[in-house]
Amino acid sequence: MTKYDLDMIDVTMPPPEYEPMRQYYFMRLCRDILGRMQAEKGRPLTCCVNTFGCQMNARDSEKLLGVLTAIGYTESEDENADLVLYNTCTVRENANIRVYGRLGHLHHYKKQNPDMLIGLCGCMMQEQKVVDKLRSSYPFVDLIFGTHNVYKLAELLYSVLSEKRRVIDIWDKAEAIVEDLPVNRKYSFKSGVNISFGCNNFCTYCIVPYVRGRERSRAPEDILKEIRALADDGVIEIMLLGQNVNSYGKDLETPMTFSELLREVEKIDGIKRIRFMTSHPKDLSDELIAVMRDSQKICRHLHLPLQSGSTKLLKAMNRKYTKEDYLALALKIRREIPEISITTDIIVGFPGETEEDFQDTLDVVRKVRYESAFTFIYSPRTGTPAAKMEQVPDKVVHDRFDRLLAEVQDIAKEVCCRDTGKTMEVLVEEVNEKDPSLLTGRLSNHIMVHFPGCPELVGRLVHVKLTSAHGFYYHGEMV
Ligand code: 5AD
Ligand code: SF4
(Lines give C-alpha, C1' and ligand atoms only; values in the text may rest on other atoms or scores of the structure.)
(Ligands and ions follow the chains in the order given, each with its own letter.)
Protein backbone atom coordinates (compact mmCIF):
# COMPACT_ATOMS: atom_id res chain seq x y z
CA MET A 1 0.00 0.00 0.00
CA THR A 2 1.56 3.32 -1.07
CA LYS A 3 0.16 6.53 0.33
CA TYR A 4 1.13 8.67 -2.66
CA ASP A 5 1.01 7.97 -6.36
CA LEU A 6 4.62 7.72 -7.55
CA ASP A 7 3.57 8.64 -11.11
CA MET A 8 2.49 12.06 -9.88
CA ILE A 9 5.96 12.95 -8.58
CA ASP A 10 7.95 15.41 -10.69
CA VAL A 11 11.55 14.16 -10.62
CA THR A 12 12.78 17.06 -12.77
CA MET A 13 12.45 19.14 -9.60
CA PRO A 14 15.07 18.90 -6.83
CA PRO A 15 14.17 16.45 -4.02
CA PRO A 16 11.82 17.85 -1.34
CA GLU A 17 13.44 18.70 1.99
CA TYR A 18 10.57 17.37 4.07
CA GLU A 19 9.50 13.83 4.89
CA PRO A 20 7.90 11.58 3.89
CA MET A 21 7.66 13.28 0.44
CA ARG A 22 11.41 13.17 0.08
CA GLN A 23 11.34 9.38 0.33
CA TYR A 24 8.48 9.10 -2.17
CA TYR A 25 10.58 11.20 -4.57
CA PHE A 26 13.47 8.72 -4.22
CA MET A 27 11.10 5.76 -4.51
CA ARG A 28 10.05 7.12 -7.87
CA LEU A 29 13.70 7.47 -8.96
CA CYS A 30 14.53 3.95 -7.78
CA ARG A 31 11.48 2.60 -9.57
CA ASP A 32 12.65 4.15 -12.84
CA ILE A 33 16.11 2.59 -12.52
CA LEU A 34 14.65 -0.76 -11.52
CA GLY A 35 12.29 -0.69 -14.50
CA ARG A 36 15.29 -0.34 -16.82
CA MET A 37 17.18 -3.13 -15.06
CA GLN A 38 14.19 -5.47 -15.32
CA ALA A 39 13.83 -4.68 -19.03
CA GLU A 40 17.53 -5.45 -19.58
CA LYS A 41 17.37 -8.71 -17.69
CA GLY A 42 13.98 -9.62 -19.12
CA ARG A 43 12.71 -10.75 -15.73
CA PRO A 44 11.36 -9.29 -12.52
CA LEU A 45 13.86 -8.39 -9.79
CA THR A 46 13.33 -10.08 -6.45
CA CYS A 47 14.00 -8.92 -2.91
CA CYS A 48 14.20 -10.81 0.35
CA VAL A 49 14.00 -9.04 3.71
CA ASN A 50 15.03 -11.18 6.65
CA THR A 51 14.35 -10.18 10.21
CA PHE A 52 16.35 -11.06 13.30
CA GLY A 53 15.13 -10.24 16.79
CA CYS A 54 12.00 -8.72 18.22
CA GLN A 55 8.53 -7.58 17.14
CA MET A 56 9.85 -4.04 16.61
CA ASN A 57 12.23 -5.33 14.00
CA ALA A 58 9.48 -7.39 12.41
CA ARG A 59 7.39 -4.22 12.08
CA ASP A 60 10.37 -2.26 10.68
CA SER A 61 10.84 -5.04 8.12
CA GLU A 62 7.26 -4.63 6.94
CA LYS A 63 8.07 -0.97 6.31
CA LEU A 64 11.30 -1.83 4.49
CA LEU A 65 9.43 -4.32 2.35
CA GLY A 66 6.74 -1.69 1.74
CA VAL A 67 9.36 0.58 0.17
CA LEU A 68 10.99 -2.21 -1.83
CA THR A 69 7.74 -3.45 -3.32
CA ALA A 70 6.61 0.12 -4.04
CA ILE A 71 9.71 0.62 -6.19
CA GLY A 72 9.11 -2.58 -8.11
CA TYR A 73 10.87 -5.46 -6.40
CA THR A 74 8.95 -8.73 -6.15
CA GLU A 75 9.00 -10.20 -2.68
CA SER A 76 10.75 -13.56 -2.32
CA GLU A 77 11.38 -15.89 0.62
CA ASP A 78 14.53 -17.17 -1.07
CA GLU A 79 17.79 -15.45 -0.18
CA ASN A 80 19.09 -16.15 -3.66
CA ALA A 81 17.48 -12.85 -4.70
CA ASP A 82 18.48 -9.62 -6.48
CA LEU A 83 18.38 -7.68 -3.22
CA VAL A 84 18.74 -9.20 0.23
CA LEU A 85 18.29 -7.02 3.29
CA TYR A 86 18.99 -8.27 6.81
CA ASN A 87 17.27 -6.33 9.55
CA THR A 88 19.57 -7.25 12.43
CA CYS A 89 19.41 -7.58 16.20
CA THR A 90 22.24 -7.24 18.71
CA VAL A 91 20.55 -7.90 22.03
CA ARG A 92 22.71 -10.99 22.53
CA GLU A 93 26.00 -11.90 20.87
CA ASN A 94 24.60 -15.04 19.20
CA ALA A 95 22.34 -12.82 17.05
CA ASN A 96 25.48 -11.14 15.68
CA ILE A 97 27.26 -14.45 15.10
CA ARG A 98 24.31 -15.70 13.05
CA VAL A 99 24.43 -12.65 10.80
CA TYR A 100 28.14 -13.05 10.07
CA GLY A 101 27.58 -16.75 9.36
CA ARG A 102 24.79 -16.10 6.91
CA LEU A 103 26.71 -13.35 5.12
CA GLY A 104 29.02 -16.12 3.89
CA HIS A 105 26.07 -17.77 2.12
CA LEU A 106 24.98 -14.48 0.59
CA HIS A 107 28.49 -13.94 -0.74
CA HIS A 108 28.25 -17.29 -2.47
CA TYR A 109 24.98 -16.22 -4.20
CA LYS A 110 26.51 -12.92 -5.17
CA LYS A 111 29.38 -14.63 -6.96
CA GLN A 112 26.76 -16.25 -9.22
CA ASN A 113 24.72 -13.05 -9.60
CA PRO A 114 27.21 -10.14 -9.50
CA ASP A 115 24.39 -7.56 -9.76
CA MET A 116 22.93 -8.83 -6.51
CA LEU A 117 22.71 -6.17 -3.77
CA ILE A 118 23.26 -7.00 -0.11
CA GLY A 119 22.06 -4.64 2.60
CA LEU A 120 22.29 -4.68 6.39
CA CYS A 121 20.33 -2.50 8.77
CA GLY A 122 18.92 -2.50 12.29
CA CYS A 123 20.35 -2.61 15.79
CA MET A 124 23.62 -4.41 15.10
CA MET A 125 24.63 -1.64 12.68
CA GLN A 126 24.53 0.92 15.51
CA GLU A 127 27.65 -0.69 16.98
CA GLN A 128 30.87 0.92 15.82
CA LYS A 129 32.89 -2.30 16.00
CA VAL A 130 30.38 -4.09 13.74
CA VAL A 131 30.50 -1.40 11.08
CA ASP A 132 34.32 -1.32 11.26
CA LYS A 133 34.44 -5.08 10.71
CA LEU A 134 31.97 -4.95 7.81
CA ARG A 135 33.85 -2.05 6.24
CA SER A 136 37.17 -3.86 6.30
CA SER A 137 36.26 -7.54 5.86
CA TYR A 138 32.92 -7.66 4.01
CA PRO A 139 33.39 -5.55 0.87
CA PHE A 140 30.52 -7.36 -0.86
CA VAL A 141 27.94 -5.69 1.40
CA ASP A 142 26.51 -2.75 -0.61
CA LEU A 143 24.33 -0.90 1.87
CA ILE A 144 24.63 -0.41 5.62
CA PHE A 145 22.30 1.76 7.69
CA GLY A 146 21.07 1.84 11.26
CA THR A 147 17.95 2.17 13.34
CA HIS A 148 17.54 5.94 13.24
CA ASN A 149 17.46 6.32 9.46
CA VAL A 150 15.50 3.22 8.47
CA TYR A 151 12.91 5.45 6.85
CA LYS A 152 15.62 6.58 4.39
CA LEU A 153 15.86 3.24 2.59
CA ALA A 154 14.67 4.66 -0.75
CA GLU A 155 17.16 7.54 -0.68
CA LEU A 156 20.08 5.31 0.32
CA LEU A 157 19.20 2.63 -2.22
CA TYR A 158 19.03 5.30 -4.89
CA SER A 159 22.67 6.21 -4.15
CA VAL A 160 23.67 2.54 -4.40
CA LEU A 161 21.78 2.03 -7.67
CA SER A 162 22.69 5.28 -9.39
CA GLU A 163 26.29 5.68 -8.25
CA LYS A 164 27.11 1.96 -8.15
CA ARG A 165 28.99 2.38 -4.90
CA ARG A 166 28.72 1.06 -1.38
CA VAL A 167 26.75 3.29 0.98
CA ILE A 168 27.26 3.32 4.74
CA ASP A 169 25.08 5.72 6.72
CA ILE A 170 24.76 5.41 10.49
CA TRP A 171 23.32 8.14 12.69
CA ASP A 172 24.08 8.33 16.36
CA LYS A 173 20.69 9.68 17.34
CA ALA A 174 17.13 9.84 16.16
CA GLU A 175 15.46 12.77 14.47
CA ALA A 176 11.70 13.27 14.15
CA ILE A 177 9.44 10.25 13.71
CA VAL A 178 8.54 9.93 10.02
CA GLU A 179 4.94 8.89 9.37
CA ASP A 180 3.06 7.63 6.32
CA LEU A 181 5.63 5.52 4.51
CA PRO A 182 4.41 2.43 2.66
CA VAL A 183 4.01 -0.80 4.61
CA ASN A 184 3.76 -4.34 3.31
CA ARG A 185 2.10 -6.34 6.09
CA LYS A 186 2.96 -9.99 6.60
CA TYR A 187 -0.57 -10.78 7.77
CA SER A 188 -3.75 -9.26 6.37
CA PHE A 189 -5.67 -9.62 9.64
CA LYS A 190 -3.18 -8.60 12.32
CA SER A 191 -0.54 -5.95 12.64
CA GLY A 192 2.01 -4.42 14.97
CA VAL A 193 1.67 -0.70 15.65
CA ASN A 194 4.59 1.27 17.07
CA ILE A 195 3.62 3.51 19.95
CA SER A 196 7.11 4.46 21.10
CA PHE A 197 10.68 4.04 20.00
CA GLY A 198 13.83 3.66 22.11
CA CYS A 199 14.27 3.16 25.83
CA ASN A 200 15.35 5.29 28.81
CA ASN A 201 15.81 2.56 31.36
CA PHE A 202 19.44 1.55 30.93
CA CYS A 203 19.18 -1.88 32.48
CA THR A 204 22.88 -2.59 32.99
CA TYR A 205 22.96 -5.69 30.73
CA CYS A 206 21.03 -4.17 27.86
CA ILE A 207 22.32 -2.59 24.67
CA VAL A 208 18.91 -1.38 23.46
CA PRO A 209 19.10 2.20 24.82
CA TYR A 210 22.45 2.60 23.02
CA VAL A 211 21.29 1.27 19.66
CA ARG A 212 17.68 2.49 19.65
CA GLY A 213 18.21 5.79 21.47
CA ARG A 214 16.07 7.65 24.00
CA GLU A 215 12.38 6.96 24.35
CA ARG A 216 10.15 8.86 21.93
CA SER A 217 6.39 8.44 21.98
CA ARG A 218 4.41 8.68 18.80
CA ALA A 219 1.61 11.24 18.82
CA PRO A 220 -1.67 9.57 19.87
CA GLU A 221 -3.51 10.99 16.87
CA ASP A 222 -0.98 9.35 14.52
CA ILE A 223 -1.32 6.02 16.32
CA LEU A 224 -5.11 6.14 16.26
CA LYS A 225 -5.16 7.21 12.63
CA GLU A 226 -2.96 4.26 11.71
CA ILE A 227 -5.13 1.81 13.65
CA ARG A 228 -8.32 3.15 12.05
CA ALA A 229 -6.75 2.70 8.63
CA LEU A 230 -5.68 -0.84 9.56
CA ALA A 231 -9.21 -1.63 10.73
CA ASP A 232 -10.59 -0.28 7.44
CA ASP A 233 -8.15 -2.59 5.69
CA GLY A 234 -9.47 -5.67 7.49
CA VAL A 235 -7.10 -5.90 10.47
CA ILE A 236 -8.82 -7.25 13.59
CA GLU A 237 -5.89 -7.74 15.96
CA ILE A 238 -3.24 -5.18 16.75
CA MET A 239 -0.13 -5.37 18.88
CA LEU A 240 0.99 -2.04 20.34
CA LEU A 241 4.77 -1.99 20.33
CA GLY A 242 7.28 -0.21 22.54
CA GLN A 243 10.35 -1.19 24.56
CA ASN A 244 8.38 -0.12 27.60
CA VAL A 245 4.75 0.58 26.72
CA ASN A 246 3.96 1.49 30.32
CA SER A 247 5.95 4.70 30.11
CA TYR A 248 4.18 5.73 26.89
CA GLY A 249 3.26 9.38 26.55
CA LYS A 250 5.38 10.89 29.32
CA ASP A 251 7.47 12.77 26.77
CA LEU A 252 4.55 14.15 24.74
CA GLU A 253 3.79 17.86 24.70
CA THR A 254 0.43 16.97 26.20
CA PRO A 255 1.30 13.93 28.30
CA MET A 256 -0.95 10.90 28.10
CA THR A 257 -0.78 7.58 29.91
CA PHE A 258 -0.68 4.19 28.24
CA SER A 259 -4.02 3.37 29.85
CA GLU A 260 -5.58 6.47 28.31
CA LEU A 261 -4.22 5.46 24.92
CA LEU A 262 -5.66 1.94 25.34
CA ARG A 263 -9.09 3.39 26.12
CA GLU A 264 -8.98 5.32 22.84
CA VAL A 265 -7.81 2.29 20.86
CA GLU A 266 -10.62 0.22 22.36
CA LYS A 267 -13.17 2.58 20.78
CA ILE A 268 -12.03 1.83 17.23
CA ASP A 269 -14.64 -0.23 15.39
CA GLY A 270 -13.38 -3.31 13.63
CA ILE A 271 -10.50 -3.95 16.03
CA LYS A 272 -11.43 -7.05 18.02
CA ARG A 273 -8.22 -7.83 19.86
CA ILE A 274 -5.57 -5.57 21.36
CA ARG A 275 -2.19 -6.84 22.52
CA PHE A 276 0.89 -4.93 23.67
CA MET A 277 4.59 -5.52 24.31
CA THR A 278 6.64 -4.97 26.47
CA SER A 279 5.64 -3.96 29.98
CA HIS A 280 8.28 -2.92 32.49
CA PRO A 281 7.07 -4.00 35.94
CA LYS A 282 8.25 -0.74 37.55
CA ASP A 283 5.81 1.30 35.45
CA LEU A 284 2.79 -1.00 35.41
CA SER A 285 -0.02 0.98 37.03
CA ASP A 286 -3.21 -0.07 38.83
CA GLU A 287 -4.99 1.99 36.20
CA LEU A 288 -3.63 -0.36 33.51
CA ILE A 289 -4.78 -3.44 35.41
CA ALA A 290 -8.25 -1.92 35.71
CA VAL A 291 -8.36 -0.98 32.02
CA MET A 292 -7.35 -4.52 31.07
CA ARG A 293 -9.83 -6.09 33.45
CA ASP A 294 -12.74 -3.99 32.18
CA SER A 295 -11.87 -4.24 28.50
CA GLN A 296 -13.71 -6.37 25.97
CA LYS A 297 -10.83 -6.24 23.52
CA ILE A 298 -7.52 -6.26 25.42
CA CYS A 299 -6.20 -9.79 25.32
CA ARG A 300 -5.82 -11.88 28.45
CA HIS A 301 -2.04 -11.94 28.18
CA LEU A 302 0.67 -9.91 29.84
CA HIS A 303 4.35 -10.20 29.06
CA LEU A 304 6.07 -9.06 32.23
CA PRO A 305 9.84 -9.52 32.11
CA LEU A 306 11.28 -10.63 35.46
CA GLN A 307 14.97 -10.86 34.44
CA SER A 308 15.93 -12.12 37.91
CA GLY A 309 14.15 -13.04 41.13
CA SER A 310 16.99 -11.79 43.32
CA THR A 311 16.57 -8.30 44.77
CA LYS A 312 20.36 -7.96 44.90
CA LEU A 313 20.71 -8.78 41.20
CA LEU A 314 17.69 -6.65 40.23
CA LYS A 315 19.49 -3.73 41.84
CA ALA A 316 22.70 -4.53 39.95
CA MET A 317 20.59 -4.76 36.78
CA ASN A 318 19.06 -1.32 37.51
CA ARG A 319 15.55 -2.75 37.23
CA LYS A 320 14.11 -0.57 40.03
CA TYR A 321 11.91 -3.22 41.66
CA THR A 322 12.51 -5.91 44.26
CA LYS A 323 11.57 -9.57 44.29
CA GLU A 324 8.68 -8.70 46.60
CA ASP A 325 7.48 -5.81 44.39
CA TYR A 326 7.37 -8.12 41.38
CA LEU A 327 5.62 -10.93 43.19
CA ALA A 328 3.02 -8.57 44.64
CA LEU A 329 2.38 -7.12 41.19
CA ALA A 330 2.10 -10.47 39.40
CA LEU A 331 -0.18 -11.91 42.06
CA LYS A 332 -2.35 -8.77 42.03
CA ILE A 333 -2.75 -9.14 38.26
CA ARG A 334 -3.69 -12.82 38.64
CA ARG A 335 -6.21 -11.88 41.33
CA GLU A 336 -7.82 -9.07 39.29
CA ILE A 337 -7.83 -10.93 35.97
CA PRO A 338 -7.92 -14.65 36.84
CA GLU A 339 -8.07 -15.86 33.23
CA ILE A 340 -4.88 -13.99 32.26
CA SER A 341 -1.69 -15.68 31.16
CA ILE A 342 1.56 -14.14 32.31
CA THR A 343 4.75 -14.71 30.37
CA THR A 344 8.23 -13.43 31.07
CA ASP A 345 11.90 -13.03 30.16
CA ILE A 346 14.58 -14.34 32.52
CA ILE A 347 18.35 -13.93 32.30
CA VAL A 348 20.59 -16.57 33.85
CA GLY A 349 24.22 -15.91 34.75
CA PHE A 350 24.14 -12.14 35.16
CA PRO A 351 27.49 -11.07 36.75
CA GLY A 352 27.60 -11.85 40.46
CA GLU A 353 24.73 -14.37 40.36
CA THR A 354 25.12 -16.89 43.19
CA GLU A 355 23.21 -20.12 43.72
CA GLU A 356 21.13 -18.26 46.30
CA ASP A 357 20.21 -15.55 43.75
CA PHE A 358 19.30 -18.25 41.28
CA GLN A 359 17.09 -19.94 43.89
CA ASP A 360 15.24 -16.62 44.24
CA THR A 361 14.56 -16.71 40.49
CA LEU A 362 13.25 -20.28 40.76
CA ASP A 363 11.13 -19.19 43.71
CA VAL A 364 9.43 -16.44 41.69
CA VAL A 365 8.92 -18.85 38.79
CA ARG A 366 7.20 -21.29 41.15
CA LYS A 367 5.03 -18.60 42.71
CA VAL A 368 3.94 -16.77 39.56
CA ARG A 369 3.56 -20.01 37.56
CA TYR A 370 4.19 -18.54 34.12
CA GLU A 371 2.28 -19.87 31.11
CA SER A 372 5.57 -19.51 29.28
CA ALA A 373 8.98 -17.93 29.79
CA PHE A 374 11.83 -16.95 27.51
CA THR A 375 15.06 -17.88 29.23
CA PHE A 376 18.35 -16.34 28.17
CA ILE A 377 21.97 -16.86 29.07
CA TYR A 378 23.52 -13.53 29.97
CA SER A 379 25.52 -12.18 27.06
CA PRO A 380 28.00 -9.35 27.72
CA ARG A 381 27.35 -6.38 25.41
CA THR A 382 30.17 -3.93 24.71
CA GLY A 383 29.56 -0.54 26.28
CA THR A 384 27.04 -1.71 28.88
CA PRO A 385 28.00 -1.52 32.58
CA ALA A 386 27.49 -5.25 33.24
CA ALA A 387 30.02 -6.24 30.57
CA LYS A 388 32.76 -4.90 32.87
CA MET A 389 31.57 -6.82 35.94
CA GLU A 390 32.97 -10.20 36.96
CA GLN A 391 31.35 -12.93 34.84
CA VAL A 392 29.93 -16.21 36.14
CA PRO A 393 31.75 -19.33 34.79
CA ASP A 394 30.06 -20.92 31.74
CA LYS A 395 29.64 -24.34 33.33
CA VAL A 396 27.74 -22.90 36.29
CA VAL A 397 25.54 -20.79 34.00
CA HIS A 398 24.66 -23.72 31.75
CA ASP A 399 23.76 -25.91 34.70
CA ARG A 400 21.44 -23.18 36.05
CA PHE A 401 19.96 -22.56 32.63
CA ASP A 402 19.04 -26.25 32.26
CA ARG A 403 17.46 -26.33 35.71
CA LEU A 404 15.46 -23.18 35.03
CA LEU A 405 14.24 -24.43 31.68
CA ALA A 406 13.06 -27.71 33.18
CA GLU A 407 11.17 -25.85 35.92
CA VAL A 408 9.59 -23.39 33.48
CA GLN A 409 8.49 -26.20 31.17
CA ASP A 410 7.04 -28.37 33.94
CA ILE A 411 4.98 -25.46 35.26
CA ALA A 412 3.86 -24.35 31.79
CA LYS A 413 2.59 -27.86 31.11
CA GLU A 414 0.51 -27.78 34.25
CA VAL A 415 -0.96 -24.29 33.85
CA CYS A 416 -1.52 -24.36 30.10
CA CYS A 417 -4.13 -27.11 30.31
CA ARG A 418 -6.54 -25.35 32.65
CA ASP A 419 -9.11 -24.58 29.93
CA THR A 420 -9.38 -28.12 28.54
CA GLY A 421 -13.01 -28.92 27.75
CA LYS A 422 -14.03 -25.24 27.38
CA THR A 423 -15.12 -23.57 24.17
CA MET A 424 -13.12 -20.42 23.48
CA GLU A 425 -12.58 -17.86 20.77
CA VAL A 426 -9.59 -18.44 18.50
CA LEU A 427 -8.10 -16.11 15.90
CA VAL A 428 -7.09 -18.40 13.04
CA GLU A 429 -3.57 -17.44 12.01
CA GLU A 430 -2.47 -20.00 9.45
CA VAL A 431 -2.79 -23.43 7.97
CA ASN A 432 -0.76 -25.80 10.13
CA GLU A 433 2.72 -26.20 8.65
CA LYS A 434 3.04 -29.90 9.46
CA ASP A 435 -0.53 -31.01 8.80
CA PRO A 436 -2.46 -28.97 6.21
CA SER A 437 -5.79 -30.44 7.34
CA LEU A 438 -5.35 -28.43 10.55
CA LEU A 439 -5.58 -24.72 11.25
CA THR A 440 -3.48 -22.97 13.85
CA GLY A 441 -4.71 -20.04 15.87
CA ARG A 442 -4.38 -18.32 19.19
CA LEU A 443 -6.60 -17.82 22.19
CA SER A 444 -6.88 -14.38 23.73
CA ASN A 445 -4.31 -15.57 26.30
CA HIS A 446 -1.86 -16.25 23.44
CA ILE A 447 -1.87 -20.04 23.82
CA MET A 448 -1.92 -21.88 20.51
CA VAL A 449 -4.72 -24.15 19.29
CA HIS A 450 -4.65 -26.64 16.39
CA PHE A 451 -7.96 -27.88 14.96
CA PRO A 452 -9.41 -29.23 11.71
CA GLY A 453 -10.77 -26.56 9.37
CA CYS A 454 -10.53 -25.06 5.91
CA PRO A 455 -7.99 -22.42 4.85
CA GLU A 456 -10.68 -19.80 4.15
CA LEU A 457 -10.98 -19.37 7.89
CA VAL A 458 -7.49 -17.86 8.21
CA GLY A 459 -7.87 -14.36 9.66
CA ARG A 460 -11.27 -15.11 11.22
CA LEU A 461 -12.36 -15.45 14.84
CA VAL A 462 -13.99 -18.83 15.44
CA HIS A 463 -15.20 -20.80 18.45
CA VAL A 464 -13.22 -23.90 19.24
CA LYS A 465 -13.78 -26.56 21.87
CA LEU A 466 -10.43 -27.33 23.47
CA THR A 467 -10.45 -31.11 23.50
CA SER A 468 -6.94 -31.92 24.73
CA ALA A 469 -3.93 -30.06 26.13
CA HIS A 470 -0.38 -30.78 24.98
CA GLY A 471 1.88 -28.62 27.10
CA PHE A 472 2.05 -25.38 25.18
CA TYR A 473 -0.88 -25.89 22.84
CA TYR A 474 -4.33 -27.43 22.59
CA HIS A 475 -6.05 -29.60 20.08
CA GLY A 476 -9.65 -28.66 19.46
CA GLU A 477 -12.76 -28.85 17.33
CA MET A 478 -14.72 -25.99 15.87
CA VAL A 479 -18.22 -25.61 17.24
N1 5AD B 1 22.00 -10.98 27.71
C2 5AD B 1 20.98 -11.86 27.77
N3 5AD B 1 19.70 -11.51 27.63
C4 5AD B 1 19.43 -10.20 27.40
N5 5AD B 1 18.27 -9.56 27.21
C6 5AD B 1 18.54 -8.25 27.01
N7 5AD B 1 19.86 -8.04 27.07
C8 5AD B 1 20.43 -9.24 27.31
C9 5AD B 1 21.77 -9.67 27.49
N10 5AD B 1 22.80 -8.81 27.43
C11 5AD B 1 16.97 -10.22 27.28
C12 5AD B 1 16.10 -9.61 28.37
C13 5AD B 1 15.06 -8.86 27.60
C14 5AD B 1 14.96 -9.69 26.33
C15 5AD B 1 14.35 -9.00 25.17
O16 5AD B 1 16.29 -10.03 26.06
O17 5AD B 1 15.51 -10.68 29.08
O18 5AD B 1 13.83 -8.77 28.27
FE1 SF4 C 1 16.66 -3.11 27.62
FE2 SF4 C 1 15.74 -2.61 30.08
FE3 SF4 C 1 15.07 -0.97 28.04
FE4 SF4 C 1 14.05 -3.47 28.12
S5 SF4 C 1 13.68 -1.82 29.64
S6 SF4 C 1 14.96 -2.42 26.32
S7 SF4 C 1 15.73 -4.63 29.02
S8 SF4 C 1 17.12 -1.28 28.88
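Which residues does R102 touch, not counting residues up to four places away in sequence? In this predicted model, the partners of R102 are N50, F52, E79 and Y86. R102 itself sits in helix 3, which spans residues 93-112.

A helix pair comes next. Two packed helices are described by the angle between their axes and the distance between the axes. For helix 7 (residues 220-232) and helix 8 (residues 258-266), the angle is about 30° and the axes lie 10 Å apart. Helix 7 is therefore roughly parallel to helix 8, since angles under 35 degrees count as such. The crossing of helix 7 and helix 8 is right-handed. On the helix 7 side, the contact is made by P220, I223, L224 and I227, while helix 8 contributes L261, E264 and V265. By residue type, the contact of helix 7 with helix 8 comprises six nonpolar residues, no polar ones and one charged.

Turning to ligand 2, its surroundings are made up of C199, N201, F202, C203, Y205, C206, V208 and P209, together with Q243, H280 and R319. This shell around ligand 2 divides into seven nonpolar residues, three polar and one charged.

Technical notes: Residues numbered from 1 in each chain as written. Chains lettered and ligands numbered in written order. Predicted model: local features only at pLDDT ≥ 70, side-chain atom pairs only at ≥ 80, totals over all residues. Heavy atoms only, no water. Near = heavy atom within 4 Å. Nonpolar A, V, L, I, M, F, W, Y, C, P; charged D, E, K, R; others polar. Axes fitted to C-alpha atoms, helices over the stretch in contact; angles between N-to-C directions. Helix = DSSP H or I, 4+ residues; strand = E, 2+ residues; numbered from the N terminus. Parallel < 35°, antiparallel > 145°, perpendicular 65-115°, else oblique. Left-handed = near helix turned anticlockwise from the far one by under 90°. Contact = heavy atoms within 4.5 Å.
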